[in-house]
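Here is a short briefing for a reader new to this structure. Please look over the sequence and the model before reading the points below.

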Amino acid sequence: MQRASVLSDYKAARRGRRLRFAATLFCVLVSVALWRLAQGDWPIPPSRVFALLSPFLSEAERMTPEAIVVRSVRLPRLLAALGAGGLLSAAGVVLQGLLFNPLAEPYTLGIAAGAAFGGALGFAAHFPWVTPAAFAGALIALWSVQAIAWRSGGSRAHLVLAGIVVNAFLSAGVTFLKAIADDRLGAIVLWLMGSFSGASLGASLGVWGAAALSVLPAWAYGRQLDAVSLGEDRGSLLGVDERRLRMGLLCLVSLGTAATVGSFGIIGFVGLVVPHLLRPIIGPLHRPLLLFAFWTGGCLTALADGAAQSLGELPVGVVTALIGGPFFCWLLLRQGRGS
Amino acid sequence: MQNLMGDPIRFSQLEVSYGGAPVLSGFHGAVRSGTLTALIGPNGSGKSTLLRTFAGLLPYKGSLTLGFGSEVREVSRTTRRELGRLVGVVPQQVRMAAPFTVYDAVALGRLPCRGAALLERAALPERTGSEEDRLILDAIARADLEHLLFRDVTRLSAGEAQRVLLATVLAQDPPVLLLDEPSSALDPHQTARVFSLLRQLADSGKTVVAAVHDVNLAVAYADVLLALTRPEPNGNALSDVPPERPIGNMIEKSIKELDEEVLERIYGVPFEPYVSRKGKKAWHVRES
């Protein structure tokens, strides 16, 4: 009986900690949303923003410049940043768990290099649809990595190695394209950095759809992810078909990442840093970790996008890398001291 | 060899290869229910390989079945999920990759018995959260880990981590338990504790197979000895085996039949028997 009460105390404390964190996150989300919708070159008071976002807005009012700025420019951009950041962070959680490699991130399986190559090829060849080209590049890279890994046994080590090889090969391809691109070099470099500016409502809703398709299955298989993340064969011994789970979830998550990269370019460090940031607070259980990673990653990316915009429309990938890099170092140093 | 159908583990013509070279070949045998079987043999004789094959982790040729009553199934045609309910394994590698608490790690032992994905939940007997928790806490208590309930498993000592894995299998509560050197990191007190626990499990009807290096531990607790012998230097009956990786034989003995002659056949060195004041027997390698 005493043991049981110790356990229920522990569970209650854990629930309380998660609820407090969720409340904080909600406040941050609301403030970020208000900031991103109300502030900009043309500040609009928050009360007016609320009125403009109402679905019952009259047809005449929808056509006012104010309404267009909020509804068709700022809202899609905010949604895109939230959805993409959330997807990348949740993808990072899944990859780090499945490959139990702390350096795994959404781009580990060659997605970024594939998308970059596809996009760069699109620019260099003056191809009008860069986004589909990037998405196709990401899919081809993902397919090659999975095919190489599956043929060579399908283990985690093979996946990571295949990812490294495909990444290196395609990165060289991107460099080659840059070297011969001449006049399009600037466009390629800028696109590779990633940006949410000019995000359309369609693209941002697409990212949310991709996020739902990749994060929800990962959440449903959260307990299996827990078992697999414990170590070599641990999942198999606890009744999980590791190879199928790994291939299935990695494909879904990578497809989601490919959709993000195709629409908004490569936004680095979010998928690497957010899982590491949250594990000490939330713990290693995947179901809560996925949910919190999604919302934290979304908020942080929206903040980074805001910062990028206020600094004169920098590419958001530069901001996340400039903040994320040193921040990751700080996390590593802190964890090193803790143990 | 009666009651052929009911043996929890049965194998014939069992052949397992690692990277093209056969490690086990042409083995026949069975593990009877309600016994504690000690799997002994020199380094590299294939003990871990045999246990991993029993657990369905390695591909094999020949036949390997798990049988419970009239229900007999081939391991290679059993899903991982069913294997998770039938067989529990304490692996040799005890390091954990993720910082779960002891409670959360042991709770994962209930995974094969729970609805896995949301859809499969209906197929299993319903247990409330508190019943599950009672099973988990009970497993933790039996592995003597209550004082470490909320500790991070990556920061435990090797012996404690080994007991976390044992507790996980106890929570899993399968009819067959396979343990690969379950006492490799344990002190003498914990070793005795774990082996009497294994003895109790076997007496309560579970089938337990433990790979051990300490022959005297096997003598003290096991009923049956399954020994993988050293490969014989000048090849053996299996002439088609490449000479760089000859394969030994398997010897099955009741524990009472163990003597220095059998031990010498297994390990290839002479053994000296010792008898304690209370008449208990033990063996050590004879010093030359």
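pLDDT is the predictor's confidence in each residue, from 0 to 100. This is a predicted model, in which local features need pLDDT of at least 70, side-chain atom pairs count only at pLDDT 80 or more, and totals for chains, interfaces and linings use all residues. Residues are numbered from 1 along each chain as its sequence is written, while chains are lettered from A and ligands numbered from 1 in the order in which they are written.

**Confidence in chain A**
- Chain A has a mean pLDDT of 88, with 98% of its residues at 70 or more.
- Helices (H or I, at least four residues) and strands (E, at least two) are DSSP runs, numbered from the N terminus.
- Where pLDDT is low, the predicted coordinates should not be read in detail.

**Make-up of chain B**
- Eight helices and 12 strands occur in chain B.
- Of the 288 residues in chain B, 41% are buried (20 or more other C-beta atoms within 10 Å of the residue's own, with C-beta atoms placed from the backbone).

**The sheet in chain B**
- Six strands of chain B form an open sheet with mixed pairing, in the order S6-S7-S8-S3-S9-S10; two strands pair if DSSP finds at least two bridges between them.
- Strands S6 (87-90) and S10 (250-254) of chain B each have a single partner strand, so one side of each is left without a neighbour in the sheet.
- Strands S7 (residues 176-180) and S8 (residues 207-211) of chain B run parallel and are joined by five bridges.
- In S8(B), B:Ala210 stands opposite B:Leu179.

Terms used: A residue is buried if 20 or more other C-beta atoms lie within 10 Å of its own, exposed if 12 or fewer, and partly exposed in between; C-beta atoms are placed from the backbone.
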